[in-house]
Amino acid sequence: MSRRVLLHVGTPKTGTSYLQDVLYKNRNRLLKDGILYPADRFDAHFLAALDLMRLRWGGLEAEAVGAWEKLAAEVRAHDGTAIISHEIFASASRSQVARALAALGHQPGGDTSNGGTEIHLVLSVRDLVRQIPAEWQENVKHRARFGYGRFLELIQDPERAHRVGAWFWGVQEIPDILDRWGADIPPERIHLVTVPPSGGSPDLLWDRFSTTFGLDGLDLKLTTRRANPSLGVPESALIRRINRVAARDLPPQHYRPLVRELLAHRTLSKRTKSARLGLPPDQYPWVHELTESWIAELSRRGYHVVGDLEDLRGAPAPSGKWVDPDHPPERQVAAAAVEAIKALLLDNAEAHAENDRLRRKLEDARRELVRARTPRLMRSMEWTVQKLEGSGKGRQALDVYRKARKRAPR
């Protein structure tokens, strides 16, 4: 049984992709120091979260069956510290939380005197000023067709009747997430990692994660290609328009590599001169009021904060013009579309070249198979014909032979 489990349950858009990739790529190095990151593939913890919460996710839920128990069994079998991390754990219900904690060896009240596992809950958090537009964009990158204005209406519905609003607050309402996940965990074992304000050192967030997970002083490789980059206003608008005309016809297994990865992440995210997606000016008052109530509540509970709760206040409303993603600059959208078409053309050309290479390889293999099954006499005759074909007199001799064969009776 693991003596200690660090359970990182969210929230989305808080540097989680980078953290998880570093942990995955360094899992062998971590294990030498007694730290288990149980994963045989980079998305193992994502699949475990889908399995635990029985979530449908574009067909991946079938692949996830049994993933939670597999992960939990690895943790139970490890004698040391284990780390589990994925942001969609934040949406788990109280019954799912109870099931998860029990599977990891948690005893009521966090008691460890009779062999119970010491579970530490980690929640990384970022201000709503950045989280709200980021969540709409994530919806767009997952096939959503509704506009930004409609998204804002849905998340402000007090009933949270629509799945969009219910999901948003399920993974973003910090006190509620901690109510569900931390109800039976001592507050000193609950750690809040705040995302620093924009413009600070890019290493600061990793330093906070490293401190929380006890990775300070370990020689880890921190370079990674995995990230969840943001898009500008025209680029977000373009992806939404693609969703409106193509998402229904494009199966999830094709949408993910073509639209989300190729277009959004690898192409359009590189257009950094576009207007950045932000909170509309008229939304700041209610966001700031809600944030103030959260800060007061979190301060009262006495959790361990790595960073500063003041980071949750977010930036004030900018003085410049706000660009509405529902009515973007059309010339910029067109320019982004041209780059998207270019990326698709190059990807298609590369796919054709690969198909041609594989076809040639298959033909070579077929010829070798035929040769392997052909008797030696036939191979000798084939060699003779090839030699004769290589000279003028040889070709003449073959022509005479072939004409004679045609005249000969069967």
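Axes here are lines fitted to C-alpha atoms, for helices over the stretch in contact, and angles run from 0 to 180 degrees between N-to-C directions. Keep in mind that this is a predicted model.

Q: What makes helix α10 and helix α14 a packed pair, and at what angle do they pack?
A: The axis of α10 (residues 174–182) lies 9 Å from that of α14 (residues 284–301), and the angle is about 35°. Contact means heavy atoms within 4.5 Å. On the α10 side, Ile 174, Pro 175, Leu 178 and Asp 179 make the contact, and on the α14 side Trp 294, Glu 297, Leu 298 and Arg 301 do. By class, that contact has five nonpolar, no polar and three charged residues.

Q: How do you know that α7 and α12 meet, and which residues do it?
A: Trp 136, Gln 137 and Val 140 of α7 meet Ser 236, Ile 239, Arg 240 and Asn 243 of α12. That gives three nonpolar, three polar and one charged residues. The axes of α7 (residues 128–140) and α12 (residues 233–246) come within 9 Å and cross at roughly 35°.

Q: Why is the way α7 passes α12 called left-handed?
A: A crossing gets that name if the near helix is turned anticlockwise from the far one by less than a right angle. The α7 and α12 axes cross at roughly 35°, and the crossing is left-handed, so the near helix is the one turned anticlockwise.

Q: What makes up the lining of the second largest pocket, by class?
A: Eight nonpolar, one polar and five charged residues. The pocket's volume is about 170 Å³. It has 14 lining residues, and the closest to its centre are Asp 40, Ala 44, Leu 47, Ala 67 and Lys 70. Both α3 (44–53) and α5 (67–77) give two or more residues, with the largest share, four residues, coming from α5.

Q: Why is the peptide bond between Gly 10 and Thr 11 worth a look?
A: Because most peptide bonds are trans. The bond joining Gly 10 and Thr 11 is cis, with omega about 0°. Thr 11 sits in the loop between β1 (4–8) and α1 (16–25).

Q: What about phi of Lys 13?
A: Phi of Lys 13 is near 65°, a positive value in a residue other than glycine. Most residues other than glycine have a negative phi. Lys 13 is also in the loop between β1 and α1.

Q: Where does UniProt place the "coiled-coil region"?
A: The unreviewed entry puts it at residues 341–368. In the model that span is 100% helix and 0% strand, and its end C-alpha atoms lie 40 Å apart.

How values were computed
Residues numbered from 1 in each chain as written. Predicted model: local features only at pLDDT ≥ 70, side-chain atom pairs only at ≥ 80, totals over all residues. Heavy atoms only, no water. Nonpolar A, V, L, I, M, F, W, Y, C, P; charged D, E, K, R; others polar. 1 Å grid on protein atoms, 1.4 Å probe; cavity = no way out; pocket = protein on both sides within 12 Å on 5 of 7 lines; lining within 4 Å. Points joined across faces, edges and corners; volume = space filled by probe spheres on them. UniProt positions renumbered as here; feature names shortened; annotations may be inferred.
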